[in-house]
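Here are my notes on this one, in numbered points. Have the model open beside you while you read.

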Amino acid sequence: MSYVPHTDDEKRQMLGRLGLDAVDDLFTVVPEEFRFPTLALPRPLSEMEVLAELRELASRNADLCSSPCFLGAGAYHHYVPSVVDAIISRSELYTSYTPYQPEISQGTLQAVFEYQSMMCALTGMDVSNASHYDGATALAEAAMMAVSVGRGRRRKVVVAPTVNPQYVETLRTYTKGMGLTIVADGEPPTDLEALVAAVDADTACLMVQNPDFFGRVLDLTGVADAVHAQGALLVVACNPISLGMIKTPGAWGADIALGEGQPLGNALSFGGPYLGFFACKQEYVRRMAGRLVGQTTDVDGRRGYVLTLSTREQHIRREKATSNICTNQGLNAVAAAVYMAAMGKAGLAKVASLCYHKAHYAAAGIGMLDEYDVDLGVPFFNEFVVRCPKPVAEVNEELFEAFGIIGGYDLGEVYPSLQNHMLLCVTEMNTRAEIDALIEALEAIAL
């Protein structure tokens, strides 16, 4: 049975438009010896044989179960409790999509409601949506929301040079054609006074990251007041694990808090899928993109959950939509909710403490090496910058080839002034023995 819906006459018309005589003419770019049905395929394999071959292929990969990893820069290797995968593997969660009918989607809606509630508690904000695609998308949406709050009259967005460069790249792409001025130039470190001075009557928002892309913890005292005095919003991107230890965006007076939620119970997974968390003050809730699940009661007074706000074009008139995001990262958000519920306040604080102290132990050890330089006078969380005696690409290659260690991020690829500078990350997953091995390896490489 043919599943091609076109009639023979329609096929002839299409081929005629292309100037071809037959469908086979479409494949002349493929060498004849590789065209069907003359493919030189190996013999068929049984399921057992296929699995054995796939395992052999997988064994050639470097994975984090066998290689110590000190690479972060926006995606982090954290322990994911077994309960997370156990819960999100339930069919009613991993197969659920948009909860259009609340009467048959109460489980999904409640899970998302719990996620939103915990994200508000974690960030110190009033309301949270049901997530964006990733941290970069959340930053771009924050800029658009700030412009919307300013009713389109404010067309400038000021971004600190220490915001994740991938976030900034996404922001520029996302807002291209909107007539916005993205002020995101300059080299690190962050000069808060200069940033605040750049905020004027045409500025929709100031965007900073804390801890910043280099892991440094900023003192944002007075920044919100100065930004608000100009009528702009303060947007703070953050690492959610760090909020188990440091001051929340809400405590700094931020109007919007966002970030990458991958550290909250989501695996690295070769770069995705991740989730972007997004929270804001109550007064801006109707300008927020995405979905918001709310709690209510039915006609019998029983508790229930519904989509309280769905300000996207799929639910309302296109001209009234605040975003054209097609969907959210529902399953990833549920994973984050399960992780936060399992860890609790004490557990999250413990993870943050381990990351902080292990990173400082590593930085102190590397700082004692003659050929390397670490600025230990700057407060940082779980990432820090190391000046290397040779190009970072060479250091990383030697670390892996000779010692089996996955090194850090080459900052020179993004920042011209930071050639030979590496961004190293330490989490609770790095043992003291692994950190000591890294220090010894770096010392050997420098000789």
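1. Start with the open sheet of four strands: its order is 10-11-13-12 and the pairing is antiparallel. Strand 10 (373-374) and strand 12 (409-410) are at the edges with a single partner strand each, so one side of each has no neighbour in the sheet. Strands here are DSSP runs of E with at least two residues, helices are runs of H or I with at least four residues, and both are numbered from the N terminus. Two strands are called paired if DSSP finds at least two bridges between them.

2. A word on provenance: this is a predicted model, so local features need pLDDT of at least 70 and side-chain atom pairs count only at pLDDT 80 or more, while totals for chains, interfaces and linings use all residues. Residues are numbered from 1 along each chain as its sequence is written, and side-chain values use heavy atoms, with hydrogens and water left out.

3. Strand 10 runs antiparallel to strand 11 (residues 383-387), and two bridges join them. If you want a residue pair to click on, Asp373 stands opposite Arg387 in strand 11.

4. There's also an open sheet of seven strands, in the order 1-7-6-5-4-2-3, and here the pairing is mixed. Its edge strands are strand 1 (127-128) and strand 3 (181-183), each of which pairs on one side only. Strand 3 pairs with strand 2 (residues 156-159) in the parallel sense, over three bridges. Within that pairing, Val158 sits opposite Val183 in strand 3.

5. How many bridges hold strand 8 and strand 9 together? Seven, in the antiparallel sense, between strand 8 (residues 291-297) and strand 9 (residues 303-310). Gln295 has Tyr305 in strand 9 as its bridge partner. The two strands form a hairpin with five residues between them, and Gly301 in the turn has a positive phi of about 80°.

6. Overall bookkeeping: the protein has 12 helices and 13 strands. Its C-alpha atoms fill a box of roughly 75 × 65 × 50 Å along the principal axes. Of its 447 residues, 46% count as buried. Buried means under 20% relative accessible area, exposed means over 50%, and partly exposed is in between (1.4 Å probe, protein chains only).

7. Is Phe70 buried or exposed? Phe70 has 0% relative accessibility, so it counts as buried. It belongs to the loop between helix 2 (47-58) and helix 3 (82-88). The C-alpha atoms of Phe70 and Ile405 are 7.9 Å apart, although 335 residues separate the two along the chain.

8. Now the salt bridges, meaning a side-chain nitrogen of Lys or Arg within 4 Å of a carboxyl oxygen of Asp or Glu. By this rule there are 11 of them. One is Asp9 with Arg12, where the closest N and O atoms are 3.9 Å apart. Both residues lie in helix 1 (residues 8-18), three residues apart, which is about one turn of the helix. Asp9 counts as partly exposed because its relative accessibility is 40%, and Arg12 is exposed at 54%.

9. Another salt bridge joins the side chains of Arg43 and Glu49, at 3.1 Å from N to O. Arg43 is exposed, with a relative accessible area of 54%, whereas Glu49 is partly exposed at 28%.

10. Glu56 and Arg60 make a salt bridge too, with the closest N and O atoms 2.9 Å apart. Glu56 is partly exposed at 38%, and Arg60 is exposed at 60%.

11. Last, the surface charge. Asp370, Glu371, Glu440 and Glu443 gather in a surface patch of negative charge. Patch members have over 30% relative accessible area and no salt bridge, and like charges are joined within 9 Å. Glu440 lies in helix 12 (residues 432-446), and with 55% relative accessibility it counts as exposed.

Notes: Patch = residues over 30% accessible without salt bridge, like charges linked within 9 Å, V, L, I, M, F, W, Y side chains within 5 Å. Areas by Shrake-Rupley, 256 points an atom, 1.4 Å probe, with all protein chains shown as cover. Lys, Arg positive; Asp, Glu negative; His and termini not counted. Charge placed at Lys NZ, Arg CZ, Asp CG, Glu CD.
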